Amino acid sequence: MIRTSSIMQETSSKYRADGKRIGLVPTMGALHEGHVSLIRRARQENDAVVVSIFVNPRQFGAGEDFDNYPRDYAADWAVLLKEEVDVLFMPGIPEMYPGGFCTTVSVTEITDRLCGKFRPTHFTGVTTVVAKLFNIVRPRRAYFGQKDYQQCVVISRMVCDLNMDVQVVSCPTVREKDGLAMSSRNVYLTPEERADAALIYKAMKDVEVALKTATLHLSKASRRLKELLQAISSVSEVQYASVYDPESLVELLEATTGTNGRGTVLIAVAVKIGTTRLIDNLLLKL
């Protein structure tokens, strides 16, 4: 385990001097099978795998769950040992944000949509810490889960715009047997809420099938999806639920709008089950 940026940079420099490609899996800990899938993909495509664990305070807004975010470092350590991860980079807050820290990295426009509407400071916190991790670890590839689809789009935009020498790899969402997307926040759910949470995926799949079979027009997809989600007894709020362009994240009303001729659309939702905010998405080719 490495705790300081300077030692992590030295370690990465040695890997690179030996011609080894580094794969980075950035996490906030509370590791689950979704994280394991990213680690295994990184192992397949690189010579060394670095996993970072850092609960980043700058991507949590006022009143969000930074203090209560799940932390089980002993369990995380066991997972990383089992997966034979080469390096665990686990800096503390003073290491990442020392006194006098006053720099941020921001991506505009696409961060104002979807989750950005409800978490206005979130993505600046994400892009700032990820940019730092890229500079510290200097990976050839970095791995992120598609469940956080907007995050993947935002980080890819940052990498492209700033000419960063790293490939962003988006990996499929890993789900429980009943379809619920794996998330560290699922531990917040009561048994009743956990059962209801599986209906989020079912609602998206129902709309997916209706769009594929042309029994539902794209312009009516949002209304149908929201109705299905609001009918779930534990859902206390539907923040967004519709069909979007997978690149610009603009809501779509017609299949040809903004999809660059490829016909692929994004079904994305953010809901609160009780007090727990959950997001999920599906990519659909019409």
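**View 1. Two helices, α8 and α9, pack against each other.** Helix axes are lines fitted to C-alpha atoms, and the angle between them runs from 0 to 180 degrees between N-to-C directions. This model is predicted. Helix α8 spans residues 191-212, and helix α9 spans residues 221-230. Their axes lie 9 Å apart, at an angle of about 150 degrees. Angles over 145 degrees count as roughly antiparallel, so α8 is roughly antiparallel to α9. The crossing is right-handed. On the α8 side, the contact residues include Ile200, Ala203, Met204 and Val207. On the α9 side, they include Ala221, Leu225, Leu228 and Leu229.

**View 2. Alanine 214 sits in the loop between α8 and α9.** Most residues other than glycine have a negative phi. Alanine 214 has a positive phi, near 60 degrees. Is alanine 214 buried or exposed? Its relative accessible area is 64%, so alanine 214 is exposed.

**View 3. Leucine 114 also has a positive phi.** The value is about 45 degrees, although leucine 114 is not a glycine. Leucine 114 lies in the loop between α4 (93-96) and α5. Its relative accessible area is 5%, so leucine 114 is buried.

**View 4. Phenylalanine 118 and tyrosine 240 form an aromatic pair.** The model has 6 aromatic pairs. In this one, the ring centres are 6.4 Å apart and the planes meet at 35 degrees, so the pair is tilted. Which parts of the chain does the pair link? Phenylalanine 118 belongs to helix α5 (residues 115-118), and tyrosine 240 belongs to strand β6 (residues 235-244). The two residues are 122 residues apart. Phenylalanine 118 is partly exposed, at 34% relative accessibility. Tyrosine 240 is buried, at 9%.

**View 5. Tyrosine 240 also pairs with tyrosine 244.** This pair is edge-to-face. The planes stand at 90 degrees, and the centres are 6.3 Å apart. Tyrosine 244 is buried, with 7% relative accessibility.

**View 6. Ring pairs join Phe54, Tyr97 and Phe101 into a cluster.**

**View 7. Arginine 71 lies over the face of phenylalanine 66.** Here the distance to the ring centre is 5.1 Å.

Technical notes: Residues numbered from 1 in each chain as written. Predicted model: local features only at pLDDT ≥ 70, side-chain atom pairs only at ≥ 80, totals over all residues. Heavy atoms only, no water. Phe/Tyr/Trp six-rings, centres within 6.5 Å; stacked < 30°, edge-to-face > 60°. Helix = DSSP H or I, 4+ residues; strand = E, 2+ residues; numbered from the N terminus. Buried < 20%, exposed > 50% of the residue type's maximum accessible area, 1.4 Å probe, protein only. Lys NZ or Arg CZ within 6 Å of the ring centre and 35° of its normal. Parallel < 35°, antiparallel > 145°, perpendicular 65-115°, else oblique. Left-handed = near helix turned anticlockwise from the far one by under 90°. Contact = heavy atoms within 4.5 Å.
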